[in-house]
Amino acid sequence: MRDNLTWVSEFVLMGLSSDRRIQAGLFVLFGVAYLLTLLGNGLIVLLIWLDPRLHLPMYFFLCNLAVLDICYTSSGVPQMLLHFLLEKKIISFTRCATQLFFSLALGGTEFLLLATMAYDRYVAVCDPLHYAAMMGPRRCAVLAGVSWLVGLANSAVETAVTMRLPTCGHYVVNHVSCETLALVRLACVDVTLNQLVILASSVVVLLVPCCLVSLSYAHIVVTILQIRSGGGRRKAFGTCASHLIVVSMFYGMALVTHMQPSSTNLTEQDKLVVLFYAVLTPMLNPLIYSLRNKDMKAALSRVLMRSSEAKL
């Protein structure tokens, strides 16, 4: 391990456990979860691409979300799976910085995209007559593009101020991956700037989108309650239910783990919470959207039917 008074060239990740049997079990568990994430989200992208009936704003954003989930989980899980098989979990400085950048960028983009999807549902429920004009292809592309750009910019800043910190030879990271707070704890200099950047980042990609989502759904609830027929209320709520479930999971876990930059202890529970929304949430998203969505089920049936007819 090469180090000096200011920086190191490699880090050692402590992971979840040093017990080889537990690590073997975790390898199988997270390996299956990763495969299901790739298959589920890949199927959503394929269905939306193949079925013209799904070329609508809601499914355009859902396709973006599926791509994000594939990329997000791929930014850390393959490395994690490899480390389950290795006795010493070493990651180079460059790979650590790259992993941190992509996990922050994709995670931040997903927060912003979920807020954009909430706005889409707000327009669909609260102003349905103007929905087609307000959510045209160009506006949808702009909203998605802004989400990606802000996520990338935020990640670039946070990664830069995190990886510049001298560690004075400290190289053991108490985490399963290169994560901002775990790396900041290795620093041997004042980290006030980093704490401010983490706080500002949390406000930009977490708190503000969360407030926008809450505001959108407050208006949606008021509008739904004003609908006189029970069937109309159920239909209106049904268009938002899947997104609301995903938002509750993703924002809830992130708020718990990312709004405490001054924390001094990274517990095993913190690691499990991070794994919940980095591994489990991307796997569950396709199930939530497909099982509760009649259009997705119908699209799958049509694609399978066309495939069967083509073979005949």
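Student: How do you know that the span of helix H1 fits its 31 residues?

Tutor: Set the value against the rule. The expected span of a helix is 1.5 Å times one less than its number of residues. For H1 (residues 20-50) that should give 45 Å, and the end C-alpha atoms are 44 Å apart, so the two agree. This is a predicted model, in which local features need pLDDT of at least 70 and side-chain atom pairs count only at pLDDT 80 or more, while totals for chains, interfaces and linings use all residues. Residues are numbered from 1 along each chain as its sequence is written, and side-chain values use heavy atoms, with hydrogens and water left out.

Student: What makes a run of residues a helix or a strand?

Tutor: The DSSP letters and the length. A helix is a run of H or I with at least four residues, a strand is a run of E with at least two, and numbering starts from the N terminus. The protein chain comes to eleven helices and three strands. From the N terminus on, the elements run β-α-α-α-β-α-α-α-β-α-α-α-α-α.

Student: Why does Cys210 count as buried?

Tutor: Cys210 sits in helix H8 (residues 192-225). Buried means under 20% relative accessible area, exposed means over 50%, and partly exposed is in between (1.4 Å probe, protein chains only). Cys210 has 18% relative accessibility, so it counts as buried. Its C-alpha atom is separated by 9.8 Å from that of Ser248, 38 residues apart along the chain. Of the 312 residues of the protein chain, 47% count as buried.

Student: Which residues of H1 are buried?

Tutor: Among them are Gln23, Leu26, Phe30, Tyr34 and Asn41.

Student: Why is the pair of Phe30 and Phe84 called stacked?

Tutor: There are two tests. Rings of Phe, Tyr and Trp (its six-membered ring) pair if their centres lie within 6.5 Å; planes under 30 degrees apart are stacked, over 60 edge-to-face, the rest tilted. Phe30 and Phe84 have 6.0 Å centre to centre and 15° between the planes. Both values pass, so the pair is stacked. Phe30 lies in H1 and Phe84 in helix H3 (residues 77-84), so the pair ties together parts that are 54 residues apart in sequence. Both Phe30 and Phe84 are buried.

Student: What makes Phe101 and Phe102 an edge-to-face pair?

Tutor: Their centres are 5.2 Å apart, with 75° between the planes. Phe101 has 23% relative accessibility, so it counts as partly exposed. Phe102 has 40%, so it is partly exposed as well. By the ring rule there are six aromatic pairs in total.

Student: How do you know that S1 and S2 pair?

Tutor: Count bridges. Two strands pair if DSSP finds at least two bridges between them. S1 (residues 10-13) and S2 have three, in the antiparallel sense. Glu10 stands opposite Ser92, and Val12 has Ile90 as its bridge partner. S1 and S3 pair in the parallel sense over two bridges, with Leu13 and Val173 as bridge partners.

Student: What makes S2 and S3 edge strands?

Tutor: The open sheet has the order S2-S1-S3, with mixed pairing. S2 (90-92) and S3 (172-173) each have a single partner strand, so one side of each is left without a neighbour in the sheet.

Student: What makes a space a cavity rather than a pocket?

Tutor: The way out. On a 1 Å grid over the protein atoms alone, a cavity is a set of points where a 1.4 Å probe fits but cannot get out; a pocket is an open set with protein on both sides within 12 Å along at least five of seven lines. Lining residues have an atom within 4 Å of a point. Two cavities of 30 Å³ or more are counted.

Student: How many residues line the largest pocket, and which are closest to its centre?

Tutor: The pocket holds about 500 Å³. It is lined by 24 residues, the closest to its centre being Met58, Tyr59, Gly238, Thr239 and Asn293. Helix H9 (230-258) is one of the elements that give two or more residues, and its share is the largest, six residues.

How values were computed
Points joined across faces, edges and corners; volume = space filled by probe spheres on them.
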